[in-house]
Amino acid sequence: MIEKAVLVGCLLPHQQEREVESSLYELSLLAETAQAQAVCTVIQKRDRVDPAYYIGKGKVLEVASLVETYQADLVIFNDELSPSQINNLEQLLPCKVIDRTQLILDIFALRARSKEGKLQVELAQLNYLLPRIVGKGTELSRLGGGIGTRGPGETKLELDRRHIRRRIRDIRQELDKIVAHRKRYRSRRKKQQMFQVALVGYTNAGKSTLLNQLTEAEAYTENQLFATLDPLTKQMRLPSGHIVLLTDTVGFIRDLPTTLVAAFRSTLEEVKEADLILHVIDSHDDNHQDQIDVVESLLTELDAGHIPVVRIFNKKDLPPAPELMVRPEDLYITALDPHDCWRVKERIETVLKQQMHTYQLLLPASEAQLIPKLRQVGFVEQLTWDEGQQGYRVTLHLPVYHPLKNKIEPFRIQH
């Protein structure tokens, strides 16, 4: 069932009108993703957020009138509301009241597929819920169905704080086991010296589509927000034949709830472990620069700001956004074009080579068995047979600390 929603935002002195309108448009897309239709948008200009009602009490009564007029099922506020604000608003509005955080959590609950994803969402929801159940007890069951009640479900929402804390503890223990397993898996990959490339970007920028085109994976793709929640890692063959690992990650969004960032931190660790980040940007979106800023800020927050980044402006097949600035070092592509995907692979190869050590070798014929191993872990750029020296002349890029460097050092050509 499609629910009708009234959207409410606040325009504060430090904000531009365009910025708030853009944020509310994004809120309408989030509502649509959660199976609701925005029937009306209300913006109030204020010096500061009202501590009791978020907007002024008179404006709340105006919103109540709009709810009656449009027969709306819920009111969605564009910022995170305090527990007291929610209580006060629910007394004046004749329908459900949720905030941006709860809406995003709801979408994540709708999208989560894996066991880990479901646990992470439930953990975030319970942490959000915990300070908001004071004095409500079993009244929470009155919420009924629809947006804002997915995930833990009514029976869990009726638990008291002690039970919620116990459930949070149990989820964390389960997640710790999954995290430990992923760390072991990552450690194994590191020992194999396989280069790891992470796809990051604002939600709906086209990361999963690019992953599918680069790796022939079958990741779920849809023109909607947060189509991907669970990280997916696939092997990708570069033009030289060298194989690297490519990981798709959950999309970023402005004001991503802190409870979600905390819950998904273990998943986002994949980004921190990468040797190269591909930052996918929607070149068609008018707010692409704001989205770039959000992603770069979150990368810094994740301690991934030191990792080399290639910016990929996607959706070249659509009209470009006004003031689109693509730097010479950026790529401007459409993920659906095989030639563009080849260009992405070439750029990955170039950047990875820059992180490696270059060797020029004269390998005797007796050491020919090393060549396939070198191709597997590095980039063999040139390979010729030298009749006079009875050996192979090899120009090679190899990871700086790879164990094979000790084996090839005796055959290095000294200049």
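Visitor: Why does Gln390 count as partly exposed?

Guide: The relative accessibility of Gln390 is 43%. Under 20% relative accessible area a residue is buried, over 50% it is exposed, and in between it is partly exposed (1.4 Å probe, protein chains only). Gln390 therefore counts as partly exposed. This is a predicted model, in which local features need pLDDT of at least 70 and side-chain atom pairs count only at pLDDT 80 or more, while totals for chains, interfaces and linings use all residues. Residues are numbered from 1 along each chain as its sequence is written, and side-chain values use heavy atoms, with hydrogens and water left out.

Visitor: Where does Gln390 lie, and what is noted about its phi?

Guide: Gln390 belongs to the loop between strand 12 (379-386) and strand 13 (391-399). Helices (H or I, at least four residues) and strands (E, at least two) are DSSP runs, numbered from the N terminus. Phi of Gln390 is positive, about 55°, although the residue is not a glycine.

Visitor: What makes Gln71 exposed, and where does this residue lie?

Guide: The relative accessibility of Gln71 is 60%, and this residue therefore counts as exposed. Gln71 is found in the loop between helix 2 and strand 3, just after helix 2. Phi of Gln71 is also positive, near 50°, in a residue other than glycine.

Visitor: How do you know that the length of helix 2 is close to the expected one?

Guide: The expected span is 1.5 Å times one less than the number of residues. Helix 2 (residues 57-70) has 14 residues, with 20 Å expected, and it reaches 20 Å from its first C-alpha to its last.

Visitor: Which residues of helix 2 are buried, and what places them on the same side?

Guide: Lys59, Val60, Val63, Ala64 and Val67 are the buried residues of helix 2. They cover an arc of only 155° around the axis, and therefore lie on the same side of helix 2. The arc is that of the directions from the helix axis to the C-beta atoms. An α-helix has 3.6 residues a turn, so residues three or four places apart point the same way. The face of helix 2 turned away from its buried side carries the exposed residues Gly58, Glu68 and Thr69. The cover of the buried residues includes strand 1 (3-11), strand 2 (36-45), strand 3 (74-77) and helix 3 (83-92).

Visitor: Why are the buried residues of helix 3 said to line one face?

Guide: In helix 3 the buried residues are Gln85, Ile86, Leu89 and Glu90. Seen down the axis they fall within an arc of 130°, so they line one face of the helix. These buried residues pack against helix 2, strand 3, strand 4 (96-99) and helix 5 (115-129).

Visitor: What makes Leu92 partly exposed, and which residues does it touch?

Guide: Leu92, placed in helix 3, counts as partly exposed because its relative accessibility is 24%. Contact means heavy atoms within 4.5 Å. Not counting residues up to four places away in sequence, Leu92 touches Tyr53, Lys57, Val60, Leu61 and Ala64. Leu92 and Tyr53 are 39 residues apart in sequence, with their C-alpha atoms 9.7 Å apart in space.

Visitor: Why is Ile43 called partly exposed, and with which residues is it in contact?

Guide: Ile43, in strand 2, has 35% relative accessibility and therefore counts as partly exposed. Its contacts, leaving aside neighbours within four places in sequence, are Gly9, Leu11, Val20, Glu21, Leu24 and Lys59.

Visitor: How do you know that the span of helix 11 agrees with expectation, and which of its residues are buried?

Guide: The 14 residues of helix 11 (residues 288-301) should span 20 Å, and the end C-alpha atoms are 20 Å apart, so the two agree. Its buried residues are His288, Gln291, Ile292, Val294, Val295, Leu298 and Leu299. They cover an arc of only 160° around the axis, which puts them on the same side of helix 11. Just after helix 11, Asp303 takes a positive phi of about 60°.

Visitor: What is the division of the lining of the second largest cavity into nonpolar, polar and charged residues?

Guide: The lining consists of Phe108, Val250, Gly251, Leu256, Leu260, Val261, Phe264 and Leu268. Ala, Val, Leu, Ile, Met, Phe, Trp, Tyr, Cys and Pro count as nonpolar, Asp, Glu, Lys and Arg as charged, and the others, Gly among them, as polar. The division is therefore 7 nonpolar, 1 polar and no charged.

Methods: On a 1 Å grid over the protein atoms alone, a cavity is a set of points where a 1.4 Å probe fits but cannot get out, and a pocket is an open set with protein on both sides within 12 Å along at least five of seven lines; lining residues have an atom within 4 Å of a point.
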